Structure formats: C-alpha cells, structure tokens
Amino acid sequence: MARTVTRADLSEALHSEVGLSRQECSGLVERVLEMIVETLEKGETVKLSGFGVFQVRSKRARMGRNPKTGEPAAIHPRRVISFRASQIMKSKVDGAEA
C-alpha cells in the first residue's frame with residue numbers, strides 16, 4: 001500500500017535536514033501552505049521551479065446528469081485548482097517507476 005506524506009512528515013524532514021526546532025519547522029510548513037492558498041484565493045498562479053504550477057481556472061455553468069437517476073442537473077460556475085507538474089518532476093517520477 002502506498003504511503004501518504006503528511007504535514008507532520010514534512011515538518012519532521014525539515015527538522016532533521018535543517019536542525020530548527022520541531023515547532024519552528026511545523027510553523028514554516030504551515031506558513032508556506034498558507035501562502036500558496038492565499039495566492040490561489042486571489043486567482044494568481046503559484047509556480048514552484050522544478051516542481052510544478054498551481055493555477056485557478058474558472059469553469060462555466062453547464063448541464064450535467066445526476067449519476068443515480070440519470071436526470072439532467074445544472075452545474076453552477078465555479079473555480080477549480082489545477083496542477084501541472086514540471087518536466088523535471090515528470091522525468092524523476094518516470095525514472096522512479098523503472
């Protein structure tokens with residue numbers, strides 16, 4: 001079964017690599033994530049070089065279908081977050097599979 005990396009895992013890795021206190025590392029991870037969310041809330045793009053790009057996209061209103069009943073249902077306009085991995089990340093992930 002695949003393992004999920006959590007905020008605590010990121011904080012612990014930062015603690016062991018950098019040597020700051022666990023509390024400082026936890027605060028640092030939280031702040032970075034907050035900054036990403038705040039930027040996306042404004043509709044701006046977040047680009048992490050060598051990692052990828054987070055973008056907010058607007059989806060228009062459209063007609064969909066209720067999967068249970070098959071009845072038509074209106075889907076309201078909304079904003080969604082998309083992520084596009086960098087070529088560096090793609091090649092690293094692809095190389096890890098081999």
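**Around helix H2**

Mentor: Take glutamate 38 as a way in: it counts as partly exposed, because its relative accessibility is 35%. Keep in mind that this is a predicted model.

Trainee: Which residue does glutamate 38 form a salt bridge with?

Mentor: Arginine 31. The closest N and O atoms of that pair are 3.5 Å apart.

Trainee: And what else does arginine 31 form a salt bridge with?

Mentor: Glutamate 34, with 3.3 Å between the closest N and O atoms. Arginine 31 and glutamate 34 both sit in helix H2. They are three residues apart, about one turn of the helix.

Trainee: Buried or exposed, or in between, for arginine 31 and glutamate 34?

Mentor: Arginine 31 is partly exposed, at 37% relative accessible area. Glutamate 34 is partly exposed too, at 38%. Salt bridges with shared partners join Arg31, Glu34 and Glu38 into one network.

Trainee: Why would such side chains pair up at all?

Mentor: Opposite charges can pair when the charged atoms come close.

Trainee: How many salt bridges does the structure hold?

Mentor: Five. One of them joins the side chains of arginine 22 and glutamate 12, at 3.0 Å from N to O. Arginine 22 is in helix H2 and glutamate 12 is in helix H1, so this pair ties together parts that are ten residues apart in sequence. Glutamate 12 counts as partly exposed, at 34% relative accessibility.

Trainee: Back up. How many residues does H2 have?

Mentor: H2 has 20 residues, running 22–41. From first C-alpha to last it reaches 28 Å. That is close to the 28 Å expected at 1.5 Å a residue.

Trainee: Which residues of H2 are buried?

Mentor: Cys25, Val29, Ile36 and Leu40. Seen down the axis of H2, these buried residues fall within an arc of 50°, so they line one face of the helix.

Trainee: What follows H2?

Mentor: Glycine 43 comes after H2, and its phi is positive, near 85°.

Trainee: New topic. Which residues make the nonpolar surface patch?

Mentor: Val18, Leu20, Leu28 and Val32. Together they make a patch of about 310 Å².

Trainee: Where is valine 18, and is it buried or exposed?

Mentor: Valine 18 is in helix H1. It counts as exposed because its relative accessibility is 54%, and the cut-off for exposed is over 50%.

Trainee: What does phenylalanine 83 touch?

Mentor: Leaving out residues up to four places away in sequence, phenylalanine 83 touches Phe51, Gly52, Val53, Phe54 and Met89.

Trainee: And what separates the C-alpha atoms of phenylalanine 83 and leucine 33?

Mentor: A distance of 15 Å. Along the chain, phenylalanine 83 and leucine 33 are 50 residues apart.

Note on methods
Residues numbered from 1 in each chain as written. Predicted model: local features only at pLDDT ≥ 70, side-chain atom pairs only at ≥ 80, totals over all residues. Heavy atoms only, no water. Helix = DSSP H or I, 4+ residues; strand = E, 2+ residues; numbered from the N terminus. Expected span 1.5 Å × (residues − 1). Buried < 20%, exposed > 50% of the residue type's maximum accessible area, 1.4 Å probe, protein only. Arc of directions from axis to C-beta. Patch = residues over 30% accessible without salt bridge, like charges linked within 9 Å, V, L, I, M, F, W, Y side chains within 5 Å. Areas by Shrake-Rupley, 256 points an atom, 1.4 Å probe, with all protein chains shown as cover. Salt bridge = Lys/Arg side-chain N within 4 Å of Asp/Glu carboxyl O. Contact = heavy atoms within 4.5 Å.
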